[in-house]
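The text below goes through them in turn.

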Amino acid sequence: MMLIREAIRAIRMTLLLWLLTAIIYPLAILGFGQFAFPSSANGSIVFNINDQPIGSSLIGQVFTSDKYFHVRPSAVRYSQGRKARPTGISGASNLAASNPELTNKIIEETSEFQDARIQVSADLIYSSGSGLDPHISLKSTRQQLTRVAQARGIKEDEIIPLINKYTDGRFLGVFGEPGVNVLRLNYALDLQELNRQQN
């Protein structure tokens, strides 16, 4: 009888803990996140003027046209096409520094920028550890400025305010380096071009 009573108590405690940790706590955190930080809680999705998702400000998107600033190269393809379609994949190539395949990739990236007469900085040719970086350095942004301005047929001075606007500072003012959010900057350039065409 005592054993049955202890077993029932153990089952009740297990169910209570399961209810608290697997249902109540996650729902409370989800509700708080939706209330206090709705954009971040939903993936920091960037929407265009037609209210269609075009990407996440936390995940780098691949841009190949000369009209756009390019992000760091990635060993994985986490989004394809014009709409944001994250595959949930992140990661690096895991190639050793001595691997000739890595050397060839870096040489290929470097030659593409040299063909476009762009001085190469590290974050334009070396992929990141996660492969998801949404930012590039201010130096890399400045190195692409002439190409983007020429491709869009505008002056560099028209792009610089947008670069300043979409530059994120150091975390807590101390950690890391300032970086430019490429997706937000490129979309702002598209909006600027659209406004110019309509006026």
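**Helices and their packing**

H5 passes H6 with a right-handed crossing (right-handed means that the near helix is turned clockwise from the far one by less than a right angle, left-handed that it is turned anticlockwise). Helices here are DSSP runs of H or I with at least four residues, numbered from the N terminus. This is a predicted model, in which local features need pLDDT of at least 70 and side-chain atom pairs count only at pLDDT 80 or more, while totals for chains, interfaces and linings use all residues. Residues are numbered from 1 along each chain as its sequence is written, and side-chain values use heavy atoms, with hydrogens and water left out.

Two packed helices are described by the angle between their axes and the distance between the axes. For H5 (residues 138–152) and H6, the axes come within 10 Å and cross at roughly 145 degrees. Axes are lines fitted to C-alpha atoms, for helices over the stretch in contact, and the angles run from 0 to 180 degrees between N-to-C directions. On the H5 side, Leu-138, Thr-141, Leu-145, Thr-146, Val-148 and Ala-149 meet Glu-156, Ile-159, Ile-160 and Ile-163 of H6 (contact means heavy atoms within 4.5 Å). This contact is made up of 7 nonpolar, 2 polar and 1 charged residues. Ala, Val, Leu, Ile, Met, Phe, Trp, Tyr, Cys and Pro count as nonpolar, Asp, Glu, Lys and Arg as charged, and the others, Gly among them, as polar.

H6 (residues 156–165) also packs on H7 (residues 182–198), at an angle of about 140 degrees and with the axes 10 Å apart. H6 is therefore oblique to H7; angles under 35 degrees count as roughly parallel, over 145 as roughly antiparallel, 65 to 115 as roughly perpendicular and the rest as oblique. Their crossing is right-handed. Glu-158, Ile-159, Leu-162 and Ile-163 of H6 meet Leu-185, Ala-188, Leu-189, Gln-192 and Arg-196 of H7. Here the division is 6 nonpolar, 1 polar and 2 charged.

What is the angle between H5 and H7? It is about 25 degrees, with the axes 13 Å apart, so the two helices are roughly parallel. Residues in this contact include Val-148 and Arg-152 in H5, and Asp-190 and Glu-193 in H7. The contact holds 3 nonpolar, 2 polar and 4 charged residues.

Helix H1 (residues 2–36) has 35 residues, so at 1.5 Å a residue it should span 51 Å, and its end C-alpha atoms, 49 Å apart, agree with this.

Conventions:
Expected span 1.5 Å × (residues − 1).
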